[in-house]
Each structure stands twice: as structure tokens, then as C-alpha cells.
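Thanks for coming. I will take one chain, first as a whole and then at two places. Please have the sequence and the model open.

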Amino acid sequence: MATSQARSQGGLGRLSEIAQVAARHGFGYFLRRNRLDDLAPGADGTTAAVGSDRGRRLREMLDELGPTFVKFGQLLSTRPDVIPPDIVAELRGLQDDVSPVPFKQVQEVVEAELDLTADRAFLEFDFSPIASASIGQVHRAVLPDGREVVVKVQRPMAEAQIEADIGLLYQAAKLLKERVRALEFMDPQELVDEFARSIRLELDYGHEARNAETFHRNFARTDGVVVPRVVRQYSTSRVLTLEYLHGTKVAELDLDALRPDERRDIAYRLADAWMTMVFRHGFFHADPHPANIFVLDSGQLGLVDFGQAEKLSDEDMAKLTRLFVDAATENIDAIPRRLRELGVRYAPEREQEFRAEVRILFDRYYGTRLSDIDPLQVIREGFQLIYSLNLRLPSRFVMLDKAIATLASVGQEVYPEFNVFEVARPYARRLLVDRFHPRVVSQRALAEASALGSVARELPYQVSDILERLRDGSFQVRIENPGIDELDDHIDKATNRIAVALVILGGLLGSAMIGVFAEKGPHALGVNLLALIGFVISGVFGIWLVWGILRHGRL
């Protein structure tokens with residue numbers, strides 16, 4: 001009990017620390033307006049982070065709060081349905097780069113996971129990491145057979161720290177849901193759920209190893225792209241060993257020393273690699289950050305860091321193709337329907353507004369030369385539409401949008417005249433041709449016929465089950481309607497009022513008949529006493545009925 005109370009107090013203390021950091025970065029006004037200033041007493045609530053400045057301030061705040069919050073910010077950058085575009089753009093600048101842990105701790109993790117001493121497992125193991133992030137850090141090493149490798153080692157306390165921060169985020173989400181009315185259109189806890197699933201997956205290096213092996217198989221026959229092999233006997237859930245790539249990160253290229261044609265070649269080969277993943281493999285690297293891409297000494301491109309990857313099914317590709325056909329043929333009215341097929345969700349009453357906004361966006365670029373279109377601007381405008389209409393996007397398509405936006409940004413940094421759409425166009429055209437090739441159409445028709453045949457085979461048995469239930473009297477039809485309970489309540493009230501009115505009418509008629517025909521018996525005020533009592537009782541019921549009707553505002 002005492003431990004639980006101490007943990008609760010510690011959580012509140014950390015929440016208070018977060019509130020203080022938020023106030024220091026210009027969000028004191030937000031705390032005060034939403035009754036959260038009790039977490040940061042004395043914080044200045046006068047300075048407001050507004051406009052484009054708010055995204056920068058939020059990015060700096062998350063950066064100060066630590067690695068888990070940086071990763072949460074990176075997740076938010078993939079949710080344009082709940083985060084304004086200006087903030088999304090800023091959050092994409094968050095870098096998961098932290099100070100390395102001492103080599104002694106790295107060595108302990110490696111030896112515990114591999115069940116070997118570091119001296120026996122490796123001929124060489126560099127003390128200094130070549131990269132360091134919140135979950136793990138990467139060291140160069142040499143295996144006993146002479147192969148050069150990189151070893152990604154999870155930080156000793158990474159899982160415990162992340163679980164503690166996830167608990168803290170759940171507390172913050174609960175507070176936001178209870179107190180911040182402006183966030184009623186979204187569920188903060190759902191965001192934390194998504195983040196928890198994502199980061200727990202990243203904690204499992206076995207998942208990243210499987211992704212790396214898939215990418216390696218997919219690019220095995222592609223000369224221009226190299227994906228390092230996974231060294232399975234030196235890999236576990238907390239240690240990942242890959243072949244070492246000799247080259248330079250795109251982030252570290254001396255672009256001024258390269259000729260324009262060399263820069264163009266790198267940018268377009270980057271885009272070509274990702275278009276191959278999306279349109280041919282249906283499995284793509286979701287984080288084409290310049291630190292995750294190498295220009296190798298051989299001139300090839302090398303890919304690393306496979307924790308974030310998404311898969312597109314054949315059905316996804318078919319739906320994307322239909323969307324592409326409607327966009328290419330200017331069939332604007334069909335686009336909302338195609339987006340619904342892809343899993344995009346929006347309020348039905350806003351469909352006309354959605355269609356009008358899509359037409360405006362389409363008309364703005366239709367007929368424009370591809371070389372004159374800024375793909376980043378198109379993506380930003382698309383995200384603005386998503387946010388303004390509160391559209392809900394399936395995560396795999398959001399990750400695809402993020403990958404394309406990041407790729408466009410990297411490409412333009414390497415070669416300013418780069419246009420990712422120029423590379424995507426031939427792939428999309430080829431996909432279109434492939435999807436409507438007679439052989440593919442016939443195969444799809446056979447699959448559909450087989451599915452319909454299965455339904456037809458099951459139909460007699462289903463009809464038999466229904467008839468059997470009808471014969472036994474166990475057949476039930478349940479109708480669910482959100483307003484039916486309210487309607488039932490109204491009918492009950494109306495019935496009760498009619499019953500009371502009939503009682504009053506009967507009392508009045510009975511009392512009147514007694515008053516007219518009864519000559520004997522006690523009298524009061526010149527009226528038979530029994531009739532007088534009947535009139536009084538009926539009057540009381542009548543006044544009560546009228547008062548009840550007036551009180552509910554309905555006659």
C-alpha cells in the first residue's frame with residue numbers, strides 16, 4: 001500500500017515537472033485555461049505559443065522531457081488527423097539522439113544475451129558507439145571469422161524507463177480527457193495505446209531482425225540497393241547483429257563537393273528504392289531519414305534501421321489503383337468512396353464538404369506540369385484537409401504519407417530540383433497496367449467466382465438453420481436503434497398521462513351524476529358531499545397533470 005502510494009506521488013511529481021517544462025516553453029496559458037495550473041503553481045500563463053511558433057515550442061519541450069517523449073512526438077507527427085499540419089511539420093524534426101551509456105553496461109547486456117564473454121564472441125568490439133538512441137546504441141565489431149559487423153545493443157534500463165513513461169502518459173491522457181474540452185474530438189488514451197504498441201514492438205529486436213531479413217530478400221536481385229544480412233547466432237530480443245556497410249550517411253555527405261549530376265543521381269536512386277518497396281514489394285521502410293541511408297563506397301545505396309516498416313496487401317494496392325484511376329480521369333465524385341474503401345473515416349454529414357474540398361485541391365493542381373508541383377506542398381495541403389475534417393486514417397497509409405514526405409524532403413536537400421512524383425509516375429502507370437492485364441483480371445475473376453461459389457454452397461444450410469429455428473420458435477430478430485429507448489420512454493409517459501386524464505374524466509362525470517341525481521345524504525355548499533369530494537380529488541389530479549406537462553415544456 002505504501003509502495004503504491006509512493007509510486008502515485010512520484011507520478012504526480014513527474015506530471016508536475018512536465019507541467020513546469022510546458023509552462024517554461026510558453027504553454028502556461030493552456031494549463032491555466034484548462035484547469036491544469038494546479039500541476040504547475042506559480043507558472044506564467046500570459047505568454048501563449050501560437051501560430052507556427054507553437055510547433056517549435058512543442059518540439060523543444062518534448063526534446064527537453066527526454067527520449068520517450070521524443071518518440072511520442074515522432075508518433076504524433078504521423079497523426080495529421082488529430083495534430084495541426086504546422087505542428088506535424090515541426091515534430092518531424094525530432095531526433096532520437098541521446099548520450100551513450102558506459103561501455104561496461106553494454107558489455108553486460110551483450111554477454112548476458114549471447115551467453116558468451118565479449119572476448120570469446122568478438123575479435124574486436126569498439127568501445128565508442130557509432131550511433132546512440134533512446135532504446136539502444138550501435139557499436140562496430142569483428143566476428144571470430146573476420147566479418148565486420150555492427151551490434152545494436154539495448155540499453156540496460158530501456159524497457160523499465162519506457163514502461164514508467166508510458167504509465168505517466170496514461171495519467172496525462174486521463175487528465176486531458178477529463179479537463180480539456182478542446183480535445184473532445186479525439187481520445188488521448190487511444191494515442192497512448194498506439195504509442196505503447198509501437199514502442200514495445202521497437203523494444204523487440206527480433207521484430208527488427210525479421211524486417212531486415214524481408215528487405216534483404218526483396219532487394220537480393222537489385223544491384224543498386226544493399227540491405228545488410230542479419231547474423232542470427234549473434235542476435236536476440238535485445239541484441240541485433242548486422243553486416244557492416246562501408247560508406248557515408250546521406251546526412252553526412254559533403255554536398256558542396258558533389259557535382260549536380262551526382263547529387264541528382266543520389267536523390268533519384270533514393271526515390272526509386274522507395275517506389276520499388278511501395279509499388280513492387282508492398283513492404284516499405286517507414287523512416288527514410290538521411291541517417292538511415294548510406295552511399296556506399298561501391299556507389300550503391302545501403303539501408304539500415306528497420307524498426308519501422310509497413311506492409312501493403314494486394315487488396316490495398318488494388319484499392320490504391322482504383323483511387324489512382326479516378327484521380328487520373330478526374331472522377332472527383334468517386335474519390336470519397338475510394339478513400340472510404342481504403343479505411344478513411346469521416347462524419348457522413350460532412351461528405352458534401354469533403355467532396356468540395358477534394359475538388360478544390362484537385363483543381364488547384366490538375367493540368368499543372370509535374371515539374372512545377374512542389375510535392376511537399378501537396379502533402380502539407382493534404383494533411384491540412386485531413387486535420388480540418390477530422391478524417392481518421394489507417395496507420396499504414398499514414399506511415400506511407402510520412403515516408404513519402406520524408407523522402408521528398410531528403411531528396412530536395414540533396415538535389416533542390418528533385419520531384420518525387422516524377423519517380424512515382426512510371427511505377428504507378430506500370431501498376432495500373434499490371435492491375436488491368438487480362439491475366440490478372442481473369443485471376444481476380446476466378447477468385448471472386450470461387451468466393452461467390454463458397455457463399456452459394458453455404459446458403460442452403462443457412463436457410464435450413466433459419467427454418468429450423470422458426471419451427472422451434474427460437475428465431476429472434478433484434479433491432480438496435482439508439483433512439484428507440486427514448487421513444488419507448490415517451491410512449492410510457494404519454495400513456496400514463498392519458499390514463500390519468502381518463503381517471504380525472506371519470507371522476508368528474510361520476511361526481512356530476514351523483515350531484516344531479518342524489519337527493520339524500522349529507523350536503524356541503526349546496527352539493528352532495530360525496531360529489532364534492534369527487535370534484536376535489538379530480539381537480540387535484542388535473543392540476544398535477546397540467547403541472548407535469550408544463551414542467552417538461554410539452555403540451
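A residue is called buried here when its relative accessible area is under 20%, with a 1.4 Å probe and protein chains only. By that cut-off, buried residues are 41% of the 555 in the chain. Keep in mind that this is a predicted model.

Some totals next. The chain holds 19 helices and 13 strands. Its accessible surface is about 31400 Å², and carbon and sulfur atoms contribute 55% of that. Take the contacts in the chain with a separation of 6 or more: 66% of them join residues 24 or more positions apart.

Where does Thr78 sit? Thr78 lies in the loop between helix H3, residues 67-76, and helix H4, residues 85-91. Is Thr78 buried or exposed? Its relative accessibility is 4%, so Thr78 counts as buried, the cut-off being under 20%.

Which residues does Thr78 touch, leaving aside those up to four places away in sequence? They are Val398, Met399 and Lys402. For Met399 there is also a C-alpha distance: 6.5 Å from Thr78, across 321 residues along the chain.

Conventions. Residues numbered from 1 in each chain as written. Predicted model: local features only at pLDDT ≥ 70, side-chain atom pairs only at ≥ 80, totals over all residues. Heavy atoms only, no water. Helix = DSSP H or I, 4+ residues; strand = E, 2+ residues; numbered from the N terminus. Buried < 20%, exposed > 50% of the residue type's maximum accessible area, 1.4 Å probe, protein only. Contact = heavy atoms within 4.5 Å. Areas by Shrake-Rupley, 256 points an atom, 1.4 Å probe, with all protein chains shown as cover.
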